[in-house]
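Thanks, everyone. Please have the sequence and the model open side by side while I talk.

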Amino acid sequence: MQPITRSCGTEGLPADVRLQQRQRTLASALQDLPYLKVPVCYTVLFRTPDENIDVRFIQANHEQLQLDFSAQNADVDSVPDKPPYNVFANMATDTRITFSPTDPLTIEDSSVHVRRVKVSETEFQSVSHCLSKMAAVPGKLNIYIARLADGLLGQAIFKTTGTFTVCAVTYASVGSVKAPGAFGAFGLGRTLTHEVGHTFLLEHPFTGCGERTYPDVPATRFPNEKAQLNPATTDGIGAFGCNHYNDLRGINGAPKSCTGADTSGEFELFFQYMDYPSDANMFMFTRGQAESMYAFLSTVGRQLLSVETLTLTSPAQAAPLSLPPINPSPFPEQVAKGIDWAIFGPILFAVIVFISFGVGLRIQYKRNLAKKRVQDAS
Ligand SMILES: [Zn+2]
């Protein structure tokens with residue numbers, strides 16, 4: 001069943017880690033720094049055929065991840081041009097973080113970039129649960145794809161020590177804007193963008209009023225779960241971005257939750273990747289978020305990951321799709337194509353037994369009838 005709202009299992013940063021992260025600064029302006037390349041390893045934990053997700057969806061999501069981190073995504077210019085949201089125009093920022101493999105992923109399961117592990121678990125509770133089934137690959141950003149429990153779309157762990165970073169996304173969220181996964185509104189691949197943001201120590205914006213998580217991300221009390229760029233219906237707030245969720249809670253009548261003497265009372269920036277709307281309603285990292293991630297990766301992140309420094313002079317281009325086009329609805333088809341003999345087998349057996357029994361009775365009846373006729377005749 002497709003989710004109605006986003007659910008992320010990543011917790012808030014511990015206070016000491018948050019303080020350390022906020023003290024990390026860049027040596028120069030972000031746009032003057034070299035691009036960083038992060039090696040990625042995908043691990044698919046599957047029990048059923050649909051959980052053993054087609055590598056083309058993984059590739060599509062990988063490309064979406066690259067596009068989103070480079071501000072090259074097709075929907076990057078979606079900021080409404082009407083007040084109040086036009087104040088957020090031109091904030092989308094190239095993070096100068098790229099991901100390997102930049103070449104199209106091989107379709108072979110033996111690829112070092114996509115590991116597949118058959119499991120007996122019907123679902124996974126957490127990233128740690130995923131790690132218990134298959135250890136992470138050192139030096140890499142480990143992305144686990146599995147059926148997550150309790151409606152979780154994804155989860156990441158804030159790691160500042162060790163030899164890898166890790167996050168998990170639920171299998172049906174894997175896809176892209178061009179090739180949506182089975183979760184539809186939550187299948188455009190933005191769950192992975194959100195979770196990878198967490199692995200680079202980005203936080204949700206809804207940490208409360210009074211303190212911004214990032215200089216250019218207004219404070220907010222609650223996740224913007226129902227905010228939409230182009231809502232189908234208006235509710236008196238406006239036809240563009242509407243902070244439905246917070247307003248429905250009765251915080252105030254305007255699309256902002258932090259008002260009063262202790263807050264700025266700004267409108268909320270719900271369409272950045274670390275808030276909670278559906279995939280189509282999130283399309284950018286702000287400069288503050290991009291700088292924070294770069295500061296992590298260029299310092300402590302280098303101790304966890306085999307980060308390469310690139311000499312690119314322009315944003316990394318996502319590898320073009322070189323594999324056969326993805327069927328837009330492969331999941332029902334996969335289910336329909338195969339016969340589940342665990343269910344169908346016993347039914348077929350019962351039918352055969354029933355028919356055999358009926359035929360047997362009929363034969364016996366005819367024999368008895370013939371016998372009686374012979375007896376009557378004699
Ligand atoms: Zn999250």
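Nine helices and seven strands make up the secondary structure of the chain. Those are DSSP runs, numbered from the N terminus: H or I over at least four residues for helices, E over at least two for strands. This is a predicted model, so to speak of a local feature I need pLDDT of at least 70, and side-chain atom pairs count only at pLDDT 80 or more, while totals for chains, interfaces and linings use all residues. Residues are numbered from 1 along each chain as its sequence is written.

Confidence next. pLDDT is the predictor's confidence in each residue, from 0 to 100. The chain has a mean pLDDT of 80, and 71% of its residues reach 70 or more. Over residues 260-264 the pLDDT is below 50, and this stretch has nine contacts in the model beyond near neighbours in sequence. A contact here means two C-beta atoms, placed from the backbone, within 7 Å. Residues 319-343 also stay under 50, with 22 contacts beyond four places in sequence. Where pLDDT is low, the predicted coordinates should not be read in detail.

Now burial. A residue is buried if 20 or more other C-beta atoms lie within 10 Å of its own, exposed if 12 or fewer, and partly exposed in between, with C-beta atoms placed from the backbone. Of the 378 residues, 42% count as buried. Take contacts between residues at least 6 apart in sequence: 71% of them join residues at least 24 apart.

Look at strand β4, residues 141-146. Six of its six residues are buried. Leu141, Ile143 and Ile145 point one way, Asn142, Tyr144 and Ala146 the other. In a regular strand the side chains alternate between the two faces of the sheet.

Which strands pair with β4? Strands count as paired if DSSP finds at least two bridges between them. β1, residues 36-46, pairs with β4 in the parallel sense over five bridges. There, Tyr42 stands opposite Ile143. β6, residues 165-170, is also parallel to β4, over six bridges. Asn142 stands opposite Val166 in β6.

On to the core. By nonpolar core I mean a set of buried Ala, Val, Leu, Ile, Met, Phe, Trp, Tyr and Cys residues joined through C-beta atoms within 7 Å. The largest has 76 residues, and Ile143, Ile145 and Ala146 touch the most other members. Elements that each supply at least two residues include β1, α2, β4, β6 and α6. β1 gives the most, with seven. Leaving aside neighbours within four places in sequence, Ile145 is in contact with Tyr42, Val44, Ile53, Val169, Tyr171 and Val174.

In α2, 15 of 15 residues are buried. At 1.5 Å a residue, α2 (residues 55-69) should span 21 Å, and its end C-alpha atoms are 21 Å apart, which agrees. The expected span is 1.5 Å times one less than the number of residues. After α2 comes Ala71, with a positive phi near 55°.

Last stop: Ser306, in the loop between α7 and β7. Buried or partly exposed? Partly exposed, because Ser306 has 15 C-beta neighbours inside 10 Å. Its C-alpha atom is 6.9 Å from that of Val38, 268 residues away along the chain. Not counting residues up to four places away in sequence, Ser306 touches Pro39 and Gly139.
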